[in-house]
Amino acid sequence: MSHPFDTLTPDLVLDAVESAGFLSDARVLALNSYENRVYQVGLEGETPIVAKFYRPGRWSDASILEEHQFARELADREIPVVAPIEQNGRTLFEHAGFRFALFPRRGGRAPEPGNLDQVYRLGQLLGRMHAVSASRPFEHRETLDTERFGHASLATLLDGGFVPKSLLPAYESVARDLLNLVDDLFDRTDFQPIRLHGDCHPGNILARDDAFYLVDLDDCRMGPSVQDIWMMLAGDRQERLGQLSELVEGYSEFHEFTPRELPLIEALRALRLMHYSAWLARRWDDPAFPMSFPWFGSERYWGDQVLILREQMAALQEEPLKLF
């Protein structure tokens with residue numbers, strides 16, 4: 001079966017960019033992206049730009065525009081973020097049935113895992129972002145909760161028959177036990193949802209010229225502030241404790257940190273693990289996914305998932321990370 005992205009040819013990409021008022025030099029370079037399609041497009045006599053074509057049917061226009069408004073709100077407050085280019089008062093464009101946005105090209109590298117000086121500065125960046133994002137809620141974006149990320153993910157995997165029969169009882173059992181613990185933690189934790197980056201791992205932060213830039217707000221949503229924090233931590237428990245202290249010290253310079261959210265870290269990690277498998281399952285009709293993730297569906301993958309979820313069960317029952 002054909003997929004909507006099959007018609008997204010280099011010529012269509014160039015035509016789309018030119019329909020937004022830019023003159024291309026006919027150079028197109030596909031960038032690493034699976035959820036959407038992203039290309040670097042050369043311009044006549046100018047720096048290349050990045051064109052992001054949204055996956056058809058995923059987001060409404062209102063939710064995409066809210067992503068753009070959030071990015072531009074952060075940029076207006078001088079928070080380093082790669083925000084969409086505004087052209088004739090618009091940031092969302094349409095061509096040949098595809099919705100797309102254009103961004104300035106930014107180079108850089110990911111932060112160094114465990115570098116305490118960088119962790120402190122990343123805390124400052126996240127604190128600045130949350131000081132803005134906590135000022136008002138999203139109206140059209142999703143909320144990170146156990147139903148969408150946990151129970152719906154499990155339903156996708158079970159109803160679609162993605163787990164091999166030989167491992168189905170073990171996977172379903174550990175997944176349901178894990179979700180019971182996650183549900184309980186969310187029920188017992190008092191937190192105020194705020195606007196989040198949503199997918200704030202080191203790969204979505206660029207280090208450039210002694211500054212960090214936030215990129216890719218495609219998954220921005222409402223949720224607990226600690227969701228944008230825990231993916232900055234790396235290493236064993238003792239290393240993560242030291243990093244957390246540095247991170248929160250920098251964060252607290254700009255926004256109040258709420259320690260009562262710390263028990264949610266392992267619950268959020270559990271939801272991310274299950275959501276990732278379900279994401280692969282939901283995108284399996286996209287030809288790019290079987291080619292890029294050929295191991296998905298193998299007994300080895302699901303056997304590893306059973307072990308990973310069991311380890312996550314144990315992590316959820318340990319004492320949460322605490323500040324020194």
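Trainee: Which helices each supply at least two residues of the lining of the second largest pocket?

Mentor: Helix 5 (168-188), helix 6 (237-251), helix 7 (264-282) and helix 9 (299-316). Keep in mind that this is a predicted model.

Trainee: And which helix has the largest share of that lining?

Mentor: That's helix 5, with 4 residues. The lining of this second largest pocket has 17 residues in total.

Trainee: OK, which of those residues lie nearest the pocket's centre?

Mentor: Look for Glu266, Ala315, Leu316, Glu318 and Pro320.

Trainee: How does the lining of the second largest pocket divide into nonpolar, polar and charged?

Mentor: You get 9 nonpolar residues, 7 charged ones and 1 polar one.

Trainee: And how much space lies in that second largest pocket?

Mentor: About 240 Å³.

Trainee: Which residues line the largest cavity?

Mentor: Its lining is made up of Glu66, Gln69, Phe70, Arg136, Pro137, Phe138 and Arg195.

Trainee: Which helix gives the most to the lining of that cavity?

Mentor: Helix 2, residues 61-76, which gives 3 residues.

Trainee: Last one: how do the residues lining the largest cavity divide by type?

Mentor: There are 3 nonpolar and 3 charged residues, plus 1 polar.

Note on methods:
Residues numbered from 1 in each chain as written. Predicted model: local features only at pLDDT ≥ 70, side-chain atom pairs only at ≥ 80, totals over all residues. Heavy atoms only, no water. 1 Å grid on protein atoms, 1.4 Å probe; cavity = no way out; pocket = protein on both sides within 12 Å on 5 of 7 lines; lining within 4 Å. Points joined across faces, edges and corners; volume = space filled by probe spheres on them. Nonpolar A, V, L, I, M, F, W, Y, C, P; charged D, E, K, R; others polar.
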